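Have a look at the picture first.

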Amino acid sequence: MQIDKDLVAASATPLVLAILDEGESYGYAILKRVRELSDGEIEWTDGMLYPLLHRLHRLGYVTADWRTSEEGRRRKYYAITKEGRSALADQQRQWATVTSALDDLWQQLQVRHLVGEIS
Amino acid sequence: MTELLESLIDEWRNHVSQANGVGGHDIEELETHLREQITDLGGSGLAPDEAFLIAVKRLGDIDDLSREFALEHGGRLWRQFSMPAGLEPEVESTGFAEALAFAVVAALAIQIPRLLTQSSTGLDELYLHNAALLVLPVLAWYFARRNSLSPRQVAAATIPFAIGALLINIYPWQEDSSTELLAALHLPVAFWFAVAYPYMGAAWRSHERRMDFVRFTGEWFIYYVLIALGGGVLIGLTVFILEPAGAEVVNAVVEWVVPSGAAGAVIVAAWLVEAKQSVIENMAPVLTTIFTPLFAVMLSVVAVAYAVLGLGDEFDREVIGVFDLLLIVVLGLLLYRISARPSTQPAGWMDRIQLVAVVAALALDAMVLGSMIDRIVDLGITPNRVAALGLNIVLLVNLVWAVWLLARFIGSAIPFHPVERWQTDYLPILAIWTATVAWLLPPLFGFA
């Protein structure tokens with residue numbers, strides 16, 4: 001299944017913020033986490049994550065910090081801020097509204113199909 | 001194996017760094033990503049070069065990526081001005097402190113006559129004679145220091161200023177002398193040519209260095225106008241705000257701050273041009289590109305109208321000055337187009353437009369010049385007419401030969417270099433003419 005490009009773009013911000021809410025992380029690990037969560041269904045063009053992270057940094061939703069990890073790799077670590085958390089909560093509400101509206105419609109759809117099969 | 005991988009990554013890094021909008025730290029971040037991906041892929045049994053290819057592909061198309069980065073970091077596409085010590089490693093020491101010191105010297109020098117004289121009538125005359133003399137030698141000195149001229153070269157650079165200073169102050173000017181005004185008008189230009197010598201590091205015969213001086217002059221002028229605009233706003237606001245303090249305070253500000261600011265700006269503008277020459281696109285060629293086609297259209301239309309309606313004879317005799325100005329502007333358009341044009345580029349439509357503009361200007365000038373000479377014969381020779389007519393002829397000679405060369409270049413008969421060469425060869429003639437008006441014309445006309 002290929003997920004629509006617009007949907008990928010729209011879901012990128014809440015996904016990244018939610019992953020960072022689990023704890024600070026860096027680009028490559030964030031991407032791995034996204035793949036893991038979606039069983040590889042959500043495929044990002046890897047590079048595009050970084051402009052997004054920089055945008056979140058500019059908006060003050062995350063902090064960025066170059067550090068050398070234990071295994072000796074220099075990485076830029078991102079951590080969510082208070083503003084980031086409230087933005088995430090906001091995103092969560094928006095997505096909840098959208099999904100619940102869609103859920104209702106999916107159920108009605110199913111009912112209509114069942115009725116169609118019976119009659 | 002790792003060696004191969006390193007060289008592949010190096011190549012990739014070079015490629016990415018060409019992209020606009022992707023900064024140094026972005027590349028570092030992307031590279032870390034690339035390496036982690038390669039390690040992971042290698043862990044699942046791929047050869048490093050295969051892993052590299054897959055990792056790069058996953059990272060995405062560089063053009064798309066750089067567009068995305070540029071959207072996020074819009075400012076990076078602009079060459080931002082920042083004061084020294086900023087983010088411009090390519091300009092070594094920009095020497096702002098030194099320039100500032102010279103600017104202060106110029107700002108103080110311009111006040112010397114005011115400090116020495118009491119009467120205001122004598123003061124006006126002193127400034128008329130010496131305004132340029134108080135500022136441009138400082139600029140020459142600044143360049144002499146920057147280019148580390150030898151004492152002998154410094155002496156040579158001083159000569160024109162010394163002669164200029166001496167002559168204009170000892171000439172026995174008559175009351176309301178028009179040669180005095182002409183000298184005051186031409187002297188700053190002659191001194192500007194004198195600044196060329198230290199600017200060029202004494203290599204005044206070099207075609208390339210002369211062209212550099214032409215470029216410098218254009219950029220300096222633009223920076224100066226911009227600084228003057230800013231200064232005008234600053235002074236205007238200051239005067240308004242100080243109004244309650246009374247007219248005396250306001251006058252003091254205008255008398256002291258304006259001349260000193262204008263003098264200091266001469267040096268600061270020169271420093272800006274030098275510091276920014278490789279960082280910011282030169283403005284004069286940009287303006288030339290915009291205005292050459294417009295001038296070509298305007299001049300062609302006007303030339304046709306003149307020819308059809310016979311307006312050349314109707315012209316006011318004093319208006320020859322306007323035609324001098326026209327030829328100067330056309331020469332400027334030609335010069336700044338040449339200064340920015342790659343010599344090896346074949347003739348293009350801009351060269352043809354340029355040719356049209358210059359030919360139209362020459363045709364116009366020829367129509368007016370005939371009646372001008374008639375009038376001089378009828379009404380007699382005055383210093384003003386000689387100066388205006390002489391300048392006109394000096395410019396005309398330059399442009400006529402330039403048109404001939406340009407036409408032959410467009411016809412592929414000659415390379416572009418002679419077109420450039422003619423202009424740099426002609427610069428001394430322009431310098432000599434301005435010096436002649438400043439120094440020879442007054443005694444010839446009995447200082448009238």
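Three strands of chain A form an open sheet in the order β1-β3-β2, and their pairing is antiparallel. The edge strands are β1 and β2 of chain A, since each of them pairs on one side only. Strands of a sheet pair through backbone hydrogen bonds, in a parallel or an antiparallel way. Between β1(A) and β3(A), the antiparallel pairing runs over two bridges. If you want to find a bridge yourself, look for A:S25: its bridge partner in β3(A) is A:Y78.

Now for the whole chain. The model is predicted, and the mean pLDDT of chain A is 89, with 100% of its residues reaching 70 or more. Among the elements of chain A, strand β2 has the lowest mean pLDDT and β1(A) the highest.

| Strand of chain A | Mean pLDDT |
|---|---|
| β2(A), lowest among the elements | 88 |
| β1(A), highest among the elements | 93 |

Chain A has four helices and three strands. Read from the N terminus, its elements run α-β-α-α-β-β-α. Of the 119 residues in chain A, 22% are buried. Among contacts in chain A with a separation of 6 or more, 51% are between residues 24 or more positions apart.

Next, the helix α2(A). Which residues are buried there? They are A:G27, A:Y28, A:L31 and A:V34. Seen down the helix axis, the buried residues of α2(A) fall within an arc of 120°, so they line one face of the helix. The general rule behind such patterns is that an α-helix has 3.6 residues a turn, so residues three or four places apart point the same way.

What do the buried residues of α2(A) pack against? Their neighbours are α1, β1 and α3 of chain A, together with α2 of chain B. After α2(A) comes A:D39, whose phi is positive, near 50°.

Finally, the place where the chains meet. The contact takes 14 residues from chain A and 14 residues from chain B. On the side of chain A that touches chain B, the elements giving two or more residues are α2, α3 and β3 of chain A. The largest share of that side, four residues, comes from α3(A). By type, the residues on this side of chain A divide into four nonpolar, four polar and six charged.

Conventions. Residues are numbered from 1 along each chain as its sequence is written. Chains are lettered from A and ligands numbered from 1 in the order in which they are written. This is a predicted model: local features need pLDDT of at least 70, side-chain atom pairs count only at pLDDT 80 or more; totals for chains, interfaces and linings use all residues. Two residues are in contact if their C-beta atoms, placed from the backbone, lie within 7 Å. Ala, Val, Leu, Ile, Met, Phe, Trp, Tyr, Cys and Pro count as nonpolar, Asp, Glu, Lys and Arg as charged, and the others, Gly among them, as polar. A residue is buried if 20 or more other C-beta atoms lie within 10 Å of its own, exposed if 12 or fewer, and partly exposed in between; C-beta atoms are placed from the backbone. The arc is that of the directions from the helix axis to the C-beta atoms. pLDDT is the predictor's confidence in each residue, from 0 to 100. Two strands pair if DSSP finds at least two bridges between them.
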